[in-house]
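I opened the model today to look up a few points on its fold and its ligand. My notes follow in the order I took them.

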Amino acid sequence: MTKNASGRTLDSYSKSAEKYEEKFFKYQPYKRQIEKFNDFIPEGSEILDIGCGPGINAGILSGFGHRVTGFDYCEKMVELAKKNCPSGNFSVNTVNNYSSSLKYDALCLSFIIVHLDNDAVNELFAKLVSFLKLPGFVYISFMTGKKPGYEKTSFSENELFFNYFRTEDIIRSFKKQRFIPVYNASEPYTESDGSITEDVFLFFRKDG
Ligand SMILES: C[S@@+](CC[C@H](N)C(=O)[O-])C[C@H]1O[C@@H](n2cnc3c(N)ncnc32)[C@H](O)[C@@H]1O
């Protein structure tokens, strides 16, 4: 388990999974980005959703005809994912422990690195290629603009660990592994305390 997987963040998600689902189920800015990703990936893709949460993205992607496998360390989230994406294949697992002999056409990392410390992010990035068929695609979203730490959010009264990243650092990490950036978008996000951060959405392609 990662340092943060064992503690407060998992506890907080276990208590707030339904509130998270309610808040983001129809959240158009995120939905639009996932729909955009569909334009890049082959029809009928096999997709691995890392930190799938309540299966909102999985539901959208399976609606486009893709097959989604997902995992999350929060049991309640996995239960919701099964409900929201009945055709998906979901399990409880941590980013740290997950391994797979299967390879996927695309990987979805939607606001998962935001809960990992920098070492855990580097470990995850180092194993992404082992999950990918080539050519393969990666969707990654994260926030930029604040210092890492524990925070309450609009969907959780209990604090969660949030990490923040610089877009150029993430792009550099992927380029080191010969991923090609193919899409880069950002949207302002107003936090529950009124502060504004930026959500970043990047897509990468890796050729064979
Ligand atoms: C911000 S939510 C994003 C959920 C989903 N990807 C989405 O975009 O709607 C982060 C998710 O990551 C999960 N998570 C956080 N740390 C994890 C870890 N180390 N291993 C597996 N899942 C983790 C949480 O339980 C939560 O469901």
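In which loop is Phe 111 found? I traced the chain and placed Phe 111 in the loop between β4 and α5. This is a predicted model, so I treat each entry below as a reading of a prediction.

Entry 1: I checked phi of Phe 111 and got a value near 50°, which is positive in a residue other than glycine. I found Arg 178 in the loop between α6 (167-176) and β8. Arg 178 counts as exposed because it has 10 C-beta neighbours inside 10 Å. I also noted a cis peptide bond between Leu 134 and Pro 135, with omega about -5°. Pro 135 belongs to strand β5.

**Entry 2: the sheet.** I followed the strand order and wrote down β3-β2-β1-β4-β5-β9-β8, an open sheet of seven strands with mixed pairing. The edges are β3 (89-92) and β8, each of which pairs on one side only. From one strand to the next the twist averages 15°. I looked at β5 and β9 in more detail: they run antiparallel and are joined by nine bridges. Phe 137 has Arg 205 in β9 as its bridge partner. Across β1 (46-50), β2 (67-72) and β4 (104-110) lies α3, which runs at about 170° to β2.

**Entry 3: the hairpin.** I then turned to β6 (residues 149-153) and β7 (residues 156-162), which pair in the antiparallel sense over four bridges. The two strands β6 and β7 form a hairpin, with two residues between them. Opposite Tyr 150 I found Phe 161 in β7.

**Entry 4: helix α2.** Which residues of helix α2 are buried? In α2 (residues 28-38) I listed Tyr 30, Gln 33, Ile 34 and Phe 37. Seen down the axis of α2, these buried residues fall within an arc of 95°, so they line one face of the helix. I recalled the general rule here: an α-helix has 3.6 residues a turn, so residues three or four places apart point the same way. I looked up what the buried residues of α2 pack against and found α1, α3, β5 (132-144), β8 (180-190) and β9 (196-206).

**Entry 5: the ligand.** How many residues surround the ligand? I get 19, and the closest are Gly 51, Gly 53, Tyr 73, Cys 74 and Ser 110. The elements that give two or more residues to this shell are α1 (8-24) and α3 (56-63). Sorted by class, the shell has eleven nonpolar, seven polar and one charged residues.

Note on methods:
Residues numbered from 1 in each chain as written. Predicted model: local features only at pLDDT ≥ 70, side-chain atom pairs only at ≥ 80, totals over all residues. Near = placed C-beta within 6 Å. Nonpolar A, V, L, I, M, F, W, Y, C, P; charged D, E, K, R; others polar. Pairing = 2+ DSSP bridges. Buried ≥ 20, exposed ≤ 12 C-beta atoms within 10 Å, placed from the backbone. Arc of directions from axis to C-beta. Contact = placed C-beta atoms within 7 Å. Axes fitted to C-alpha atoms, helices over the stretch in contact; angles between N-to-C directions.
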